[in-house]
Each structure stands twice: as structure tokens, then as C-alpha cells.
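Thanks for making the time this morning.

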Amino acid sequence: MPIINPDDDGFLNLSDHDSFAGGIPHNTFSRMRDEDPLPWTDFAGGRGFWSIVRHADILKMNRNFRLLSSAQGIRMEDQSHEEYLARRTFQETDPPDHTKTRIKVSKAFSKPVIAQFEDQIRSLCDEILDASFSSSEFDAVTHIARQLPMRMLGQILAVPDKDLEWLVKKGDELIANSDPDYTDHVIDQVDTDEFRLMPFRSPAGAELYSYARELMDDRRAAGEDAGIMGMLLEPDEDGNTISEDEFRNFFCLLVAAGNDTTRYSIAASLHALANDACLVAQLQQADEKTWEMMPDEMIRWASPTFHFRRTALDDFEMHGKQVKKGDKVILWFVSANRDADEFERPFEIDIHRSPNRHVSFGQGGPHVCLGMWLARLEVRVLMQEFVKRVKSVEQAGEIACLRSNFVGGIKKLPLRIQLA
């Protein structure tokens, strides 16, 4: 059931987006965990990098921001200091700077606040599934997985519904900048130097910048509650306000990462249902405790954020290798989530798995995902409403995966359903 690149002989190049286009190179990650847990990879797009692939190592190193810094970029690509300053979000900062920004918005994404959205999410799921189930066959990514996060994005950002399709399209162009199905400016296939100061080196960044600037002006003029964006605009305890660059970069982050990762978690969950009738039956009989555990297992299974990069601030030794100050180090969350030393039967879905210390949300470090409670809630409610309505579900054609070694998942999933 796991989607593994059929060309994965155990030695695929992790810097190549094509290594992920046919599925995740799990064979390569398994070999690395067993034989070479800190491999070096040459990178045609810049300086090479070290890879951390074991669960225990990632938990340990992810929290050590004094040794491995986010403040020089979080993707494989090299950046000049000018590019970094122009494009950074609070993800690309270390404490205490990271903490200051996080405090401003963390309350709005806390578990108690997000729990208040459950009825609204359930209502949205009803609408989405009513529309999707009007046909017995449909693309589940287009009609379901894309729809729920997109509509919730509008609620979080307090933007008009009429703008949502455009915003999600631009978000796809940013975070899926390596996939020709989503952008004409494919990062490793065309010259994107013209857009080097834009997020993800994408022209969509300029368009989102312009939208964010207008949104910021409108919110300030209105002086009204503007949700998350309003919180960002409020002065801190020292009277300092967020800069335009900081505001628009955070806005781009919410549009891209806040939508895509949940979409791909939902898509992976639906793919699992379509290929395992026992899983459907298990969920139809699940009790409340199981439903609370299930989202973490499905998000572990999906692992939609494959990696984050760090930069070594000092020399250190690990697994007999010498990492030098300034070296790039990649934390492969997708590998850690299949580590048999942490997870029993890691290539199987166990909705009763407990404990479940997956690292899909960047657990263990200061950058743990702000949106994790929202993602869990969306996955749980959507799956509850889905299995409630179906007698059977099966895959109705070939799937397609995103061409990306950064954020990935199923971008096309034909399903055939029989209603209960």
C-alpha cells in the first residue's frame, strides 16, 4: 500500500525532484537508515548536503538550534544573504527571534481555539462530500482533498471566498515550484534568477506580495478584527510593528504551507481507504478514542513535508562523519516516520498506534508546526464524514504524485464509491 517510486533501487539521488515524482524513495531511505545514517549527497543545484534519516537522530538534532540553524534557509537550495533576508519567514529564524513572532499567533492556532472550528469544518465536509458524491467516480484530490483546506484557509486569513481559488493556485505555484503541472517556472528546469528575491524563486510570490500589501492596508484602515492577520499587525510589548516584508512573507507561508500539507494528508488518507477495505470497516466501527488517535497515524503515513534544511553553526561529529561549520544538513522527516526502530510495522497503517511519535509536524524543536491542531481536526472530521457515507471505495485509475523532494503527495486520485 505505501507509494514507493518503482525506480527506487535503494540508491536514488535525494537532491533530484524526479526521485520523488513516482512515489517516495522509501527503499533508498531504508538503506540509509540501516547502512549509512549520515550520508553525503552532491547537489547539482549548489553545495552538497548531509542527510539525517533516523528518527532518534532527528528528534535530537531538531531541538538543537544552537548547532543546527534555520536562519540561513530551510530548503536545499543555496541563497545569498540578500535573498535570505528578502524571502525569510519566521520559519527561517532561530530563537529568540522565532519565538517573538510565534507568540503573536500561537494562541490563534492553539488546541482550544481550533476545537471551536469543529462544527464549521463538519458543515464544510458535508457540502464537499454532497457535491463529490453526486457522481460515483471523481478525482478525490480536486473534489475533496483540495477543497477543505482551501475553504478553511479563507476563514483563517479572513479573505473573500471569491479570492480562494486564485490564492490556492498561487500557493501551488510557490510550494510546488518543481512540478510543471503547477508552474511554468520549474525551479530546476528554467532560469528563475529574475525572481530570486521572491518566495521559492517564483513570480507567484510577487502577485501574493501585492495581494498581501493591499490586505494589510485594508485591515489597518478598517481597524477591525482581522483574525490571524490582524494579530500580526498589532504592536508587540515594545511597541514594534511587523514590517511589510515580514507580513507578506508570513502571508505567503500561510497560503502555501497552510493549504498544501493538509491537502496531501487528506489525499493519502483517502488513498489508503481505497486500497484497504479493512481500514474502512475499522473506521466505521471506531470509538472516540480511536478517532482521536487516527489523524496522527494518517499524517505519519502521509508525511507531506519531506524535509527541512538546517545549517551547521559549528563543527561536529556524528556516526563517524565530520560535519563542518557552514555545511547544509537535511532532516528527512519522511524517513524518520518509517523508522522500524521507532515504529512497529512502519509500512502498515495502525489507527490504534500508541505512542505515535511521528515527526510530520517537526516535533522536538522550536519550529513545531503552528497548524498541527487544525490539520488533525480536518483529517479527523473529513474521514468521519467520509466513512459514514460509503459502503465501499476503490481506486479507479492511476494516481499521480507531486514532483518535489520538499513537500509532496498525491496530486491526482481517481476514486469509485458505492454509497451506504
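**Backbone, sheet and cavity**

His-319 has its place in the loop between strand E6 (316-318) and strand E7 (321-323), where helices (H or I, at least four residues) and strands (E, at least two) are DSSP runs, numbered from the N terminus. Before I go on, this is a predicted model, in which local features need pLDDT of at least 70 and side-chain atom pairs count only at pLDDT 80 or more, while totals for chains, interfaces and linings use all residues. Residues are numbered from 1 along each chain as its sequence is written, and side-chain values use heavy atoms, with hydrogens and water left out.

Is His-319 buried or exposed, or does it count as something in between? At 39% relative accessibility, His-319 counts as partly exposed, since the scale takes buried as under 20% relative accessible area, exposed as over 50%, and partly exposed as in between, with a 1.4 Å probe and protein chains only. Ser-303, in the loop between H15 and E5, also has a positive phi, near 40°, and Ser-303 is buried, with a relative accessible area of 2%. As background, most residues other than glycine have a negative phi, and most peptide bonds are trans.

Pro-95 and Pro-96 are joined by a cis peptide bond with omega of about 10°, and Pro-96 sits in the loop between helix H4 (81-87) and helix H5 (97-106). A cis bond also runs from Ser-354 to Pro-355, with omega near 0°, and Pro-355 belongs to the loop between helix H16 (333-336) and H17.

Next, the sheet. Five strands form an open sheet in the order E1-E2-E8-E5-E3, with mixed pairing, where two strands pair if DSSP finds at least two bridges between them. The edge strands, each pairing on one side only, are strand E1 (40-41) and strand E3 (68-69). E3 and strand E5 (residues 307-312) are antiparallel partners over two bridges, and Leu-68 stands opposite Ala-312 in E5.

Now a side chain in helix H17 (residues 372-389), namely Gln-384. Gln-384 is buried, at a relative accessible area of 14%. Leaving aside neighbours within four places in sequence, Gln-384 is in contact (heavy atoms within 4.5 Å) with Arg-122 and Trp-291. With Arg-122, the side chain of Gln-384 makes a side-chain polar contact at 3.0 Å; such a contact is a pair of N or O atoms within 3.5 Å, where within protein one must be able to donate a hydrogen and the other to accept it, and residues adjacent in sequence count only if both atoms are side-chain atoms.

On a 1 Å grid over the protein atoms alone, a cavity is a set of points where a 1.4 Å probe fits but cannot get out, and lining residues have an atom within 4 Å of a point. How many cavities of 30 Å³ or more does this rule give? The count comes to four. Of the 19 residues that line the second largest cavity, the closest to its centre are Ile-3, Ile-24, Ala-302, Gly-409 and Ile-410. Helix H13 (244-274) and helix H15 (288-302) each supply at least two residues of that lining, and H13 gives the most, with three residues.

Technical notes: On a 1 Å grid over the protein atoms alone, a cavity is a set of points where a 1.4 Å probe fits but cannot get out, and a pocket is an open set with protein on both sides within 12 Å along at least five of seven lines; lining residues have an atom within 4 Å of a point. Grid points are joined across faces, edges and corners, and a volume is the space filled by probe spheres set on the points.
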